[in-house]
Amino acid sequence: MTTAAERRAARPQPGQRRDYHFPAFERRRLENGLELIVSPVHKLPLATVAAVFDAGAVCDPVGREGTAQLVAKLLLEGTEQNDGAELTERFERLGASVDAHADWDAAGVTMTVLAEHLPEAFSLLGEVILTPAFRQREFERLKAERLAELLQLRAEPRGLADEMFGRFLYTAESRFARFEGGDEQTVQRIERDHLLSFYESRYVPGCTTIIVVGDVTPDGAEAIVRKCLGGWHGGAAKRVVADDHPARLERAVHLVAKADAPQSELRIGHVGIPRNHPDFFPVNVMNAVLGGLFNSRINLNLREAHGYTYGAFSAFDWRREAGPFLVHTAVRSDVTDAAAREIIGEIDRMRAEAISAEELSLATSYLDGVFPIRFESTAAIAAALSVLSLFGLPEDYYDTYRARVTAVSADQVLEAAQRYLHPESLQMVAVCDPTAVRGPLDAMHFGPLNVYDVTGQRIA
Amino acid sequence: MNLWYHVGSANERPGRTGFAHLFEHMLFQGSADVEANEHFELIQRAGGTLNGSTWLERTNYYETLPANQLELALWLEANRMGKLLPAMTQQKLDTQRDVVMNERRWTMDNQPYGSWMEKLPALCFPPEHPFHHSLIGSMEDLAAASLEDVAQFFATFYSPDNAVLSIAGDFDRREALELVQKHFGPIPAANRKPPLPDMALPPVFGQWKREVVPDDVMLPRLFLAFRSPVFGSDGYYAASVCGAVLGLRNASRLRRRLVRERQIAAEAGAFTYDLAKGADLLVADVTARPGVAAEQLEQETAYEIDLVVRDGIEAAEVERAVALIQTMFVTAMQSAAERADRLSMYATYFGDPHRVNDEVDRYRAVTLDQVNAFVRERLGESNRASLLYVPRDQAPGELVGAGAAAEAE
């Protein structure tokens with residue numbers, strides 16, 4: 001028999017590490033305040049355009065949550081020149097795949113097209129940005145589709161657990177306590193006029209960024225953008241700061257009842273920290289060890305040691321204000337309490353003692369090594385540049401990323417765990433069969449337990 | 001780096017449904033020189049990503065990592081191809097069985113409409129056909145899987161003569177070939193793979209097959225399948241273009257007609273299974289708007305298909321579909337992992353990895369006449385299979401038939 005050390009020594013050793021640089025990019029600003037970021041990538045004859053607007057769900061008017069997402073989606077449903085059917089037809093005849101969406105912090109339209117069609121496709125995109133028509137018929141259709149989506153959510157445990165987690169986590173006054181795309185009540189209240197005033201106040205050149213990545217030059221891209229958007233007038237909108245206060249500081253259990261569910265969709269966590277945080281890197285490495293990787297503590301424990309689940313992971317949901325920290329998994333109903341106990345144990349262990357050198361190097365060498373793989377496509381590079389612009393990260397953020405990750409020490413990870421993991425404030429949300437799960441969870445004495453139906457009404 | 005084994009759920013023996021996929025999980029449980037989960041650990045420590053997946057006709061394993069770490073991936077794959085069995089234990093099998101059972105619950109049993117993944121092939125392929133049975137497997141068959149099954153499956157299917165290795169990215173050709181020879185060269189061929197039974201099927205179902213499934217869902221949803229020419233065949237490309245005409249993105253037929261104009265559906269799409277043997281399936285997938293009953297959803301979807309059969313497809317629709325497919329293909333080719341996977345696929349199915357270079361041309365060569373010929377031959381009533389999901393509380397008595405019987409088992 002060979003020893004473990006001998007076996008390790010017999011393994012292939014890496015060759016000389018090769019250089020990698022995040023693609024170079026140029027930032028320019030047009031006279032009307034529009035920001036332009038261009039990254040020439042000539043690998044394939046493709047171009048991706050991302051238009052990013054400071055018009056995310058945090059900007060939704062109170063009581064009409066869902067406005068931001070409807071506005072973003074309606075951009076692609078017709079302009080003054082082309083109705084919805086004609087517009088999609090014209091984009092798609094060029095082979096352009098175009099999508100619009102609003103998340104918490106921003107709205108965006110993303111388009112990927114063969115570079116030869118970029119000028120024509122971008123002129124359609126210019127129409128979409130400058131002259132969306134918000135026709136009544138399309139507005140009503142998209143509203144009905146959102147209501148259909150909400151109806152579907154009631155029978156979809158994964159999505160329901162994700163949405164309900166935010167609801168139970170944040171104070172009722174917080175935008176984060178409502179669904180990102182709005183709920184039945186708030187979507188019903190939205191009328192076409194609300195969309196128009198939202199569009200007019202939030203879609204302005206002074207807080208819009210156009211990102212072009214691919215087989216283009218900075219001057220060529222600027223000429224295309226200038227031609228279509230150079231005449232766009234308007235100021236800048238005031239940034240909306242979301243309330244990110246938690247609903248409560250002590251632990252609580254929130255069960256959402258789904259009769260006969262064979263699994264519990266489990267979410268355990270608390271309000272985390274904002275994206276622009278000085279401890280972002282230690283927190284990121286800490287999370288990788290706790291539950292960010294396949295070989296993280298939580299997944300090895302719940303999946304590989306216990307076979308409770310197909311997978312269990314932790315994440316910080318990065319937003320301008322503090323998004324959730326959460327552990328998410330789906331476990332067999334009869335081990336819901338046991339799985340929750342293991343998760344809490346892993347969170348406690350992160351804070352009790354420093355991680356080993358092996359764990360630290362696994363996390364940092366992973367984050368360092370996969371860095372180039374994250375930016376193989378024009379769409380991925382455009383998304384990275386959107387993050388840079390949206391969160392106001394420094395120009396050299398991607399150039400220094402790998403050095404900053406590998407500089408994180410075990411002591412910093414311990415400190416990050418002690419500062420930013422709050423076991424005393426954990427909220428547990430489970431979409432589950434309460435008849436199977438409630439008794440064992442009560443016996444855990446985790447915290448006060450309430451049961452809700454799938455619409456969020458308290459039933460026990 | 002990408003490795004395709006030409007084995008999938010189609011190769012399973014009766015009573016062992018789900019085994020090909022369970023076996024894929026076991027390949028991450030170590031080999032003679034690698035401990036359980038160490039494969040993941042070593043690749044991630046090297047700065048790489050990895051996974052595996054199981055399909056009806058193949059199982060693949062892939063690692064993407066910094067160029068200077070190529071040998072690590074080759075060594076790991078060779079170690080488990082050559083020396084898997086010493087690492088297999090009953091305890092590992094039991095744990096992975098639990099993991100897979102949870103995967104089944106997560107993707108199917110506790111997911112609205114989740115059972116379509118096993119009900120649709122069961123409806124569309126005859127009972128004895130290798131594509132008929134469940135890929136994820138029944139709980140009973142998973143429970144019955146033994147270590148002997150692991151050893152036998154490994155000896156039968158996991159050998160170099162049944163595998164294709166592809167490498168894409170930044171490497172030196174000579175050096176890479178030497179490394180492949182060094183690690184895989186010594187592994188002997190097994191030549192033990194039994195032939196699959198005759199998988200040929202008539203070009204059409206011969207009738208309109210129907211199954212109604214009452215489920216814990218809020219809205220009716222229809223999977224309407226058509227038997228179509230096998231992946232990669234001359235007829236396949238017209239079928240694939242037809243699928244894109246019907247359901248790829250927003251200006252497609254079904255989206256335009258059923259979602260935008262008539263507002264019968266909340267969502268609509270279409271896809272092909274891309275099966276390279278026997279027969280392929282083209283599937284339209286349509287979810288009702290609230291207030292639209294299941295029967296109406298099925299009737300209106302069929303009506304739109306009838307219109308396509310009656311009036312044909314227009315040239316502009318084919319142009320739109322081919323333009324989108326081309327952009328999608330070029331977009332996918334940016335990723336080294338995707339390039340390697342396509343190379344393995346074309347080599348496994350057709351013995352010709354170079355087909356990756358002709359793929360866009362094959363689509364561009366599809367003519368309107370070919371698409372309309374496909375439409376006439378394959379979208380008619382004698383070649384349809386409806387799998388219709390109905391919210392349990394809306395299921396009228398006479399509809400409950402097939403689904404209720406299956407439930408009572």
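Let's start with helix α10 of chain A. Twelve of its 13 residues are buried, so the rest of the structure largely encloses this helix. Keep in mind that this is a predicted model.

Which residues of α10(A) are buried? Among them are Phe281(A), Pro282(A), Val283(A), Asn284(A) and Val285(A). The buried stretch also includes Leu290(A), Gly291(A) and Gly292(A).

Now look at the length of this helix. It covers residues 280-292 of chain A. Its end C-alpha atoms are only 14 Å apart. A straight helix would reach 18 Å at 1.5 Å a residue, and α10(A) falls short of that.

What does α10(A) pack against? One partner is helix α13 of chain A, residues 357-369. A quick reminder on how we describe such a pair. Two packed helices are described by the angle between their axes and the distance between the axes. Here the angle is about 115°, and the axes are 9 Å apart. That angle makes α10(A) roughly perpendicular to α13(A). The crossing of the two is right-handed. On the α10(A) side, Val285(A), Ala288(A) and Val289(A) make the contact. On the α13(A) side, the contact residues are Glu359(A), Ala363(A), Thr364(A), Tyr366(A) and Leu367(A). Note that Val285(A), Ala288(A) and Val289(A) are also among the buried residues of α10(A).

Next, the sheet in chain A. It is an open sheet of six strands with mixed pairing. The order is β9-β10-β8-β11-β7-β12. Why do β9(A) and β12(A) each have one side without a neighbour in the sheet? They stand at the edges, each with a single partner strand, so one side of each is left open in that sense. From one strand to the next, the twist averages 15°.

β9(A) and β10(A), residues 324-332, run antiparallel and are joined by six bridges. In that pair, Ala312(A) stands opposite Thr329(A) of β10(A).

Two helices lie across strands of chain A. Helix α12, residues 336-352, lies across β8, β9, β10 and β11 of chain A. It runs at about 30° to β8(A). Helix α17, residues 434-444, lies across β7, β8, β11 and β12 of chain A. It runs at about 170° to β7(A).

On to chain B. Strand β8(B) covers residues 280-288. How many of its nine residues are buried? Nine of the nine, so to speak: the strand is mostly covered. Here is the general idea behind the next point. In a regular strand the side chains alternate between the two faces of the sheet. Now see it here. Asp280(B), Leu282(B), Ala284(B), Val286(B) and Ala288(B) point one way from β8(B). Leu281(B), Val283(B), Asp285(B) and Thr287(B) point the other way.

β8(B) has antiparallel partners. Eight bridges join it to β6(B), residues 221-228. In β6(B), Leu224(B) stands opposite Ala284(B) of β8(B). Seven bridges pair β8(B) with β7(B), residues 265-272. There, Thr272(B) stands opposite Leu282(B).

Last, a helix pair in chain B. α3(B), residues 70-82, packs on α8(B), residues 173-184, at about 25°, with the axes 9 Å apart. That makes the two roughly parallel. α3(B) passes α8(B) in a right-handed crossing. Among the residues that meet are Leu74(B) and Trp75(B) from α3(B), and Leu179(B) and Val180(B) from α8(B).

Methods
Residues numbered from 1 in each chain as written. Chains lettered and ligands numbered in written order. Predicted model: local features only at pLDDT ≥ 70, side-chain atom pairs only at ≥ 80, totals over all residues. Helix = DSSP H or I, 4+ residues; strand = E, 2+ residues; numbered from the N terminus. Expected span 1.5 Å × (residues − 1). Buried ≥ 20, exposed ≤ 12 C-beta atoms within 10 Å, placed from the backbone. Pairing = 2+ DSSP bridges. Axes fitted to C-alpha atoms, helices over the stretch in contact; angles between N-to-C directions. Contact = placed C-beta atoms within 7 Å. Parallel < 35°, antiparallel > 145°, perpendicular 65-115°, else oblique. Left-handed = near helix turned anticlockwise from the far one by under 90°.
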